[in-house]
Every structure is written in structure tokens, then in C-alpha cells.
Amino acid sequence: MTINDFKKEKLLALKNKDQLSGDLFGMIISALQKEEIEKKVKNEELTDADISRILMKMYKELEDDKKMYQDNNRLDDVKNIERQIEILSPYLPKMLSEDEIRKQMDKSKPMKDVIASFKGKADIQLVIKIYKE
């Protein structure tokens, strides 16, 4: 997906009077544009890997917010966060399963190299857990 694809999604959401989706796509667009500006300063282009990394970061932030709201018994906020996660999920890269990670992991390499090889493909915390087993 590109920034323009997300702009189209935002317009569609706003036309359908889906404020929550529109707001989420607005946040995505802002984060992507910020990254794009930072890349241009370095004479680099925004890549699919950059977009995936930003979307995964947003997903993790939403998961953290959801947990915080659950801990504070704010059920309306939990429902909104769950809806945002549901909207964001189709745009996330497919993550490797635990079995797939185990098959691809090379424990003879240093942890730093193993983590780098799974970045953007798997939950890094799961990779670390499997590496330490």
C-alpha cells in the first residue's frame, strides 16, 4: 500500500460517515508522511518495509492502549480500540507462526543477527523467546 492508497481509504471512510476509520487512516497517513520526509532528507525512498514497520508499530501501540483501558475498566474505550485494530489488521504484513519461526531459526548465529532476519516478518518477542529455549 502507498500513502495515496490510505488517502483513498480515508476518503471512503469519511464518505461512509465512519469517523473512527477516517481518524485511524488519518493517523496512518500522518505517520507515513513523516517517515517519507525523514527519508527524503537522507535521499532515500519510503519502502514497503518502512510502511509495514510503521503499521506494526501502530498495531502494537493499539494493543498496549487496549490493555491499559482493560486494566482501568474503560470498556467503551476498549471497544473503540478493538474496532481500530480490526480496521488496521488487513493492512498488516502476514506474520510467521511459531512453527515457521522454529523452522527458519539458525541458533548458531548471534541473537542480533537472528532478530534482524525476522524483523518485519515475526513478533520479535516470540523470536527472542524461541531463541532462548
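Let's start with two helices. The axes of helix 1 (residues 3-15) and helix 2 (residues 19-41) come within 8 Å and cross at roughly 160 degrees. Axes here are lines fitted to C-alpha atoms, for helices over the stretch in contact, with angles from 0 to 180 degrees between N-to-C directions. Helices are DSSP runs of H or I, at least four residues, numbered from the N terminus.

A word on the source. This is a predicted model: local features need pLDDT of at least 70, side-chain atom pairs count only at pLDDT 80 or more, and totals for chains, interfaces and linings use all residues. Residues are numbered from 1 along each chain as its sequence is written, and side-chain values use heavy atoms, leaving out hydrogens and water.

Back to the pair. How do helix 1 and helix 2 run, roughly parallel or roughly antiparallel? Roughly antiparallel, since angles over 145 degrees count that way. Helix 1 contributes F6 and A13 to the contact, among others, and helix 2 contributes residues including S21 and F25. Contact means heavy atoms within 4.5 Å.

Now look at S21, in helix 2. S21 counts as buried, because its relative accessibility is 6%; the cut-off is under 20% relative accessible area, with a 1.4 Å probe and protein chains only. Beyond four places in sequence, S21 is in contact with A13, R83 and I87.

Next, F6. Setting aside residues up to four places away in sequence, F6 touches M1, F25, I28, I29, L32, I51, L55 and Y91.

That's the tour. Questions, please.

Conventions
Parallel < 35°, antiparallel > 145°, perpendicular 65-115°, else oblique. Buried < 20%, exposed > 50% of the residue type's maximum accessible area, 1.4 Å probe, protein only.
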